[in-house]
2 protein chains.
Amino acid sequence: MEGVTVQKTMWKYDERAARVARVESAMLEGARNHFSREGYTEITVPHITKATGACENIDTLFPLDYFGERAYLCQTGQLYLETLIPKLGKTFTTGPSFRAEPDVDNRHLTEFTLLEIELETDFNGLLTEIEKTVRRMLLNTVDKAGEDISALGGKPEWVEECARNFQRIEYGDAVNLLEKPFGVKWGDDLKSRHEQYIVEKNNGYPTFITHFPKAIKFFNMRENAENAEIVNSADLIVNIGGECVGAAEREFTYENVRRRLLESPMLKRLESKGGGIGDFEWYLENMREHGSVPHAGCGIGLNRITQFMIGEADIRRSTPFAINRATVI
Amino acid sequence: MEGVTVQKTMWKYDERAARVARVESAMLEGARNHFSREGYTEITVPHITKATGACENIDTLFPLDYFGERAYLCQTGQLYLETLIPKLGKTFTTGPSFRAEPDVDNRHLTEFTLLEIELETDFNGLLTEIEKTVRRMLLNTVDKAGEDISALGGKPEWVEECARNFQRIEYGDAVNLLEKPFGVKWGDDLKSRHEQYIVEKNNGYPTFITHFPKAIKFFNMRENAENAEIVNSADLIVNIGGECVGAAEREFTYENVRRRLLESPMLKRLESKGGGIGDFEWYLENMREHGSVPHAGCGIGLNRITQFMIGEADIRRSTPFAINRATVI
C-alpha cells in the first residue's frame, strides 16, 4: 500500500448508470444474436498469458507474478481464437482487455470490454462481417434501449442512419486529405483528430480506413498482394468515439508468420524487456504442425461505440464501472 | 523469469477441443437466451479490484501491482451487481474468475468462467431462477451440441432427464445422511465425496444443498429468520462436476451487512494481510446512502457443468484453454 497519489473516485449508482448499463447490454445482445444466427462458436480464452496476449504496444502490459514466473494480463484473445479457426470456422469471445495506462483522463481506461471475432474469410468478407455485426449492435440498442440513448444525450434516429451508411477509404487517400490541413505524411499513424476529420468528410458516418502501412501495425496482419509495404487491415472510426474496431486479414503460413514476427518492432521491444520469440512458441508450433487456413478478424471496443451512440466525449461515462488508475476500489 | 519448476503443457487444437468449445458455447447461449427473455441487464464488472472482488477464501487472490498500489484479480462481480439491483432488478455478468491455486491436477484451475446473476427476489425465487437458468443451459446444449456431448463421452438423454429433475435437501438433513458413512458433523464444510454421495442418493440428479451454517459461508449471505446460525444459501451439486452453483439471499441493510462483515473470518484474514474494512467502503457507503432492496444471486461455474454433461472427471479437459500453473504459455 504505497505510492497512492491519485485521488480516488467513487462510482455513481444512479439512474444514469442504469441507463448506460442497458445500452451496453443491448449492444452485446445484438452482437451475440448475430453470432448465434451465423453459426459462430464462443471461445473462452485465457486472461493470464505470456506475450501472446499483447497487442502492438507491449509497454502497456500489466505484469503479474504467476507463482514466481512473469505473466501478463491479456489485451487480446486473437491468437487463441486463430488456432481454432481450421476446426471451427467462425469464432468470437468477449472479455476484459487490460492496459497499464497511468493517465486519469477522458480518453484512457485500464480495463475495457473487447468483443473479438475471428473467421475463415478474406479481407472483403471481413469488412462485410464487421458491418453486419456493428449494424446489429446499433439497431438492437436503438430497439431495446432507444429511450436510454435519448436520455443520455444521443439520437436514436442518427444511430439508425449511421448503421445503414458505413463508409470506406484507403489509408493512402486519407493521408492525401489530411496532408494540407494537418501535414500528415504516408507512414504516419493517424491521431484522433485526423480520424474525426475523415469521418466528418463522410457526413459523420462510421468509416473504415483500410490498407495501413505494415510498419505501424500488428505483426501478423497479412501483406497486401500488390504492395508488400501495406497490410490488409482496417480501423473502423465512429463520430466522437474514434477507433472502435481494429481489423485485419492474417498471415496464415508458418514461414510468413515467423518472418513477420522476427521483423516486427514488437519483438524488439519484447526482447529489450527480457522476453523473446519463445513467448510465441505454442502459436508458431501449432501453425507449423497443423497449418492454417486463410482467415481474418477484429476487436470491437464496446466503450467507443457507447460513446458514439450517446454522444459522450468522456470514456469514463461509457460504462457503469469505468476502471482507471483512480477507480480501483 | 525465475522459479519455473512445473513442466509446461501445450494445449491441443484438435477435434476434441472444437467439440468442447461448441458445448461451452451452447451453454452460454442457453443462459443468455433465458436472460434476454426475462429482461436481465448484462453488466460489465471490473476484474482488477480491491478485496471486494474476493470470494470467501482471500488466500487464493492473485495480487497485482497497480501503479504502486496493491490490487487483486477478481474472483466475483457479486458486490458490483448488487449495487445496481435497486435500479435494474435483474442483472448478470460473465467473465473470468481468478484463483491462485498452485496445484496442477484434475480439480484446480487458476482461471475459469463464472456466470453470475443477481436479482430482486427471495430465497425460493432464487432457487427457481437457478433451476430455470441451468435447465436452459443444459437443454440448449443438448439441442445445439448433442452430437458433441455424445462424442465426448456424455449422454444427451441423461442430461435432458437431469434438466427436468432438480432435487433439494437441507444441509442439516444432508449431515444426517453423511454422519454414519463419513462421520460428518453439523458445522463441517462438505467435501466433494460427501456431495457426490448426496447426489447418488438422489438418483444422480442435480441437487441443491440448502441452509448452510453461517460460519462457513460468505459474509453477506442472509441469516435465516428462524435460526440465526444458518444462512439462506444453496450449493447446486451435479454428478462428477460437483458444486457448479453457489447461491444465497443477501443481507441488504447497511447495519446488517456491516455487522456481518465485522464478524466474518474473511475480514480477520484480510486484516492479517494488511487490508481491512476500508476495502469495502464503497460498497458499504453505497448501501448506507441509497439503501437496497431484498435480493439474491449466484455464481455458475461453467467448467463444472461441462464436466457433468460430458462425464469428464478432469477439469483440464472441460474447456479448450484450461489454465493452471503449468499452462500459462
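Colleague: Which residue of β10(A) does A:V238 stand opposite?
Modeller: A:V238 stands opposite A:G242 there. Keep in mind that this is a predicted model.

Colleague: How many bridges join β9(A) to β10(A), and which way do they run?
Modeller: Six bridges, and the two strands run antiparallel. Strand β10 of chain A covers residues 242-249.

Colleague: What do β9(A) and β10(A) form together?
Modeller: A hairpin, with three residues between the two strands. In the turn sits A:I240, which has a positive phi of about 70°.

Colleague: And which strand is joined to β9(A) by four bridges?
Modeller: That's strand β8 of chain A, residues 207-210, and that pair also runs antiparallel.

Colleague: How many of the six residues of β9(A) are buried?
Modeller: Six of the six, so strand β9 (residues 233-238) of chain A is largely enclosed by the rest of the structure.

Colleague: Which residues are on each side of β9(A)?
Modeller: A:S233, A:D235 and A:I237 are on one side, and A:A234, A:L236 and A:V238 are on the other. All of these are buried, which leaves both faces covered.

Colleague: OK, helices. Which residues of α9(A) are buried?
Modeller: A:W282, A:N286 and A:M287 are buried in helix α9 of chain A, which covers residues 281-290. They span an arc of only 135° around the axis, so they lie on the same side of α9(A).

Colleague: Why would residues a few places apart point the same way?
Modeller: Because an α-helix has 3.6 residues a turn, residues three or four places apart point the same way.

Colleague: What covers the buried residues of α9(A)?
Modeller: The cover includes α2 (78-88) and α7 (254-263) of chain A. After α9(A) comes A:G291, with a positive phi near 70°.

Colleague: Switching to chain B. What's the strand order in the open sheet there?
Modeller: The order is β2-β4-β3 in chain B, three strands with antiparallel pairing. The edge strands are β2 (48-49) and β3 (63-66), and each of them pairs on one side only.

Colleague: How many bridges do β3(B) and β4(B) pair over?
Modeller: Four, in the antiparallel sense, with β4 of chain B covering residues 69-73. Within that pair, B:D65 stands opposite B:R70.

Colleague: Is B:E157 buried or exposed?
Modeller: B:E157 is exposed, because 12 other C-beta atoms lie within 10 Å and the cut-off for exposed is 12 or fewer. B:E157 is placed in helix α4 (residues 156-163) of chain B.

Colleague: How far apart are B:E157 and B:V142 in space?
Modeller: C-alpha to C-alpha they are 8.2 Å apart, and in sequence they are 15 residues apart.

Colleague: Last topic, the two chains. What rotation superposes chain B on chain A?
Modeller: A rotation of 180°, with 0.0 Å of shift along its axis and an RMSD of 0.0 Å. The copies are therefore related as by a two-fold rotation axis. The same surface serves both copies, with 100% of the contact residues of chain B recurring in chain A.

Colleague: How many residues does the contact take from each chain?
Modeller: 57 residues from chain B and 57 residues from chain A. On the chain B side, helix α1 (residues 15-37) gives the most, with 11 residues. By class, that side has 28 nonpolar, 16 polar and 13 charged residues.

Conventions: Residues are numbered from 1 along each chain as its sequence is written. Chains are lettered from A and ligands numbered from 1 in the order in which they are written. This is a predicted model: local features need pLDDT of at least 70, side-chain atom pairs count only at pLDDT 80 or more; totals for chains, interfaces and linings use all residues. A residue is buried if 20 or more other C-beta atoms lie within 10 Å of its own, exposed if 12 or fewer, and partly exposed in between; C-beta atoms are placed from the backbone. Copies are superposed by least squares on the C-alpha atoms of residues with pLDDT of at least 70 in both. Two residues are in contact if their C-beta atoms, placed from the backbone, lie within 7 Å. Ala, Val, Leu, Ile, Met, Phe, Trp, Tyr, Cys and Pro count as nonpolar, Asp, Glu, Lys and Arg as charged, and the others, Gly among them, as polar. Two strands pair if DSSP finds at least two bridges between them. The arc is that of the directions from the helix axis to the C-beta atoms.
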